[in-house]
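Try each task before you read its solution.

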Amino acid sequence: MTLDQARALIATQLQFGGGYNRNAVRLILGEVGRGHGQGAVDGLIRELGLELAFGLKPGTDFSRVGRPAAPESTTTPNQP
């Protein structure tokens, strides 16, 4: 996803401003972070006023949003 595409998608979500839209923005920011890095995410948050609109703070890692949690290890540590 390009940053321009992300801006357009986020702008649409900002028009509605509900909880589901906040989650959609978090998903978009996660995709941006994976593709362009944390600096791009922080830039979009500042540029589009996402802290005020949805309480999303610069520096937050959204890369795990919408992704399944890593499986827990099923092995037990060796004990003497």
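Predicted model: local features only at pLDDT ≥ 70, side-chain atom pairs only at ≥ 80, totals over all residues.

**Exercise 1.** Find how the axes of helix H1 and helix H3 are placed, and decide what to call their arrangement.

*Solution.* Start with the two stretches: H1 covers residues 3–16 and H3 covers residues 38–48. Their axes come within 11 Å. They cross at roughly 40°. Angles under 35 degrees count as roughly parallel, and 65 to 115 as roughly perpendicular. H1 and H3 are therefore oblique to each other. Their crossing is right-handed.

**Exercise 2.** List the residues where H1 meets H3, then sort them by type.

*Solution.* Take the H1 side: Leu3, Ala6, Arg7, Ile10 and Leu14. They meet Ala40, Leu44, Glu47 and Leu48 in H3. Now sort the residues of this contact: seven are nonpolar, none is polar and two are charged. Next, look at burial in H3. Ala40, Val41, Asp42, Leu44 and Ile45 are buried there. The buried residues of H3 pack against H1, helix H2 (19–36) and helix H4 (50–54). Last, step past the end of H3. Gly49 follows, and its phi is positive, near 65°.

**Exercise 3.** Decide whether Gln13 is buried or exposed, and find its contacts.

*Solution.* First, locate Gln13: it lies in helix H1. Its relative accessible area is 17%. Buried means under 20%, so Gln13 is buried. Now set aside its neighbours within four places in sequence. Gln13 is then in contact with Asn21, Ala24, Val25 and Phe54. With Asn21, the contact is polar: the two side chains meet at 2.7 Å.

How values were computed
Residues numbered from 1 in each chain as written. Heavy atoms only, no water. Axes fitted to C-alpha atoms, helices over the stretch in contact; angles between N-to-C directions. Helix = DSSP H or I, 4+ residues; strand = E, 2+ residues; numbered from the N terminus. Parallel < 35°, antiparallel > 145°, perpendicular 65-115°, else oblique. Left-handed = near helix turned anticlockwise from the far one by under 90°. Contact = heavy atoms within 4.5 Å. Nonpolar A, V, L, I, M, F, W, Y, C, P; charged D, E, K, R; others polar. Buried < 20%, exposed > 50% of the residue type's maximum accessible area, 1.4 Å probe, protein only. Polar contact = N/O pair within 3.5 Å; in protein donor to acceptor, adjacent residues only side chain to side chain.
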